[in-house]
Amino acid sequence: MEGNKRWVALTAVAPVAWGANYFVTHAFLPADHPLYGAALRALPAGLVLLALCRRRPRGAWWGRSAVLGLLNVSVFFVLVFAASQLLPTSVASTVMAVSPLAMMLAAWLLMAERPGSAHLAGAAIGLGGVCLMLLGGEDGISVPGVLVSAAAVLVSSFGHILAKRWNTGTGTGTGTGMTGTAEAAGAGVLASTAWQLTAGGLLLLPVAVAVEGAPPPVSPSVLLAFCYVALVATALAFSVWFAGLRRLPAGTVGLIGLLNPVTGVLLGTAVAGEVLTGRQLGGLALVLAGVALGRPTAGTRPDRRLPAGTPAAPGPHPGLRSGPGPSRST
């Protein structure tokens, strides 16, 4: 139970960093360069993690890294950048709070990981809070911006659960059955995160050059903003997020993601001068209640149906190190 609490706390770093990322992107990054904005967020983060793990993809992980890089990085980062520019910080981050339901559905479809009743109840309560927060603001809402945010939710939910499946070896259909771990497949969580960030950045860079031409001018404030989005909101946040996905049920991790809109709304109010109404305060309370309701309890395990005669998957590996032997990272 104490281990679960530590992983919940560590995983929570990611949505808090992402909620702040909406404000940083909206306030400091050039609005007319979404492709460069996404590429310069992904590629430096991937290279930093590559330098830390010092590993290259092997076997199936070349293709997997490309797929995850396309979903979780190339497409997702461009959509998030666009949403950050089209919507106020509070609204952009709030729409992302439908991700718990999307992640639970993706986990059910891809991993036979049935959401528990507490997770469903927490997601419903959190979604109700999101609706209050979204409808309680005084400014008009950009419909294209909301649609872009919703597309980002769908893409990232599918990509994150696919990363969880490949990093745990669950349901991969390989000759090793359900016992294949990330190490057996040639990857640790830190390594696979580095590979998909690097792949996504490399996919984005030539497209940015072809579509947007020369890179945007970089002032000191823009440079600091890029350092935040690349190192904190990407390298650090994605590492702890995928670590949490590996060790906690997808429903729990999805509910932790509700801290994203909470952070976005609070920052939008405290820093960007956006008005927080009484209805939005009530919505915040509901979101936090949803997170608390879906927290893991002693003995919490994902509900997976294994094929007949298939050995159970091994327990999670402790720690935060990527490399041969027990994995200690995400």
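Colleague: Over the ring of which residue does the charged end of Arg-64 sit?
Modeller: This is a predicted model, so what follows is computed from its atoms. A charge is counted as sitting over a ring only if it is within 6 Å of the ring centre and also within 35 degrees of the ring normal. The charged end of Arg-64 is placed 5.4 Å from the centre of the ring in question, which belongs to Trp-61.

Colleague: And how far from the centre of the ring of Phe-77 is the charged end of Arg-41?
Modeller: Arg-41 is among the buried residues of helix α2, and Phe-77 belongs to a cluster linked by ring pairs, together with Trp-18, Phe-76, Phe-238, Trp-241 and Phe-242. The charged end of Arg-41 sits over the ring of Phe-77, and its distance from the ring centre is 3.9 Å.

Colleague: Is the pair of Phe-23 and Phe-28 stacked or edge-to-face?
Modeller: A search of the whole structure finds seven aromatic pairs. In the one formed by Phe-23 and Phe-28, the rings lie 6.2 Å centre to centre with 90° between the planes. Planes over 60 degrees apart count as edge-to-face, so the pair of Phe-23 and Phe-28 is edge-to-face.

Colleague: What span does helix α2 reach from its first C-alpha to its last?
Modeller: Helix α2 covers residues 34–53, which makes 20 residues, and it is followed by Arg-54, whose phi is positive, near 55°. At 1.5 Å a residue the expected span is 28 Å, and the helix comes close to that, reaching 29 Å.

Colleague: Is Leu-52 of that helix buried or exposed?
Modeller: Leu-52 has its place in α2, where Leu-49 and Cys-53 are among the buried residues. Because Leu-52 has 60% relative accessibility, it counts as exposed.

Colleague: Which helix gives the most to the nonpolar patch?
Modeller: The patch on the surface is formed by Val-13, Val-48, Leu-52, Leu-231, Val-232 and Leu-236, with about 460 Å² of accessible area together. Two helices, α2 and α9 (220–247), each supply at least two of its residues. With three residues, the helix that gives the most is α9.

Key:
Residues are numbered from 1 along each chain as its sequence is written. This is a predicted model: local features need pLDDT of at least 70, side-chain atom pairs count only at pLDDT 80 or more; totals for chains, interfaces and linings use all residues. Side-chain values use heavy atoms; hydrogens and water are left out. Helices (H or I, at least four residues) and strands (E, at least two) are DSSP runs, numbered from the N terminus. The expected span of a helix is 1.5 Å times one less than its number of residues. Buried means under 20% relative accessible area, exposed over 50%, partly exposed in between (1.4 Å probe, protein chains only). Rings of Phe, Tyr and Trp (its six-membered ring) pair if their centres lie within 6.5 Å; planes under 30 degrees apart count as stacked, over 60 as edge-to-face and the rest as tilted. Patches are made of residues with over 30% relative accessible area and no salt bridge: like charges are joined within 9 Å, nonpolar side chains (Val, Leu, Ile, Met, Phe, Trp, Tyr) within 5 Å. Accessible areas come from the Shrake-Rupley method with a 1.4 Å probe; for residues, only the protein chains shown count as cover. A salt bridge is a side-chain nitrogen of Lys or Arg within 4 Å of a carboxyl oxygen of Asp or Glu.
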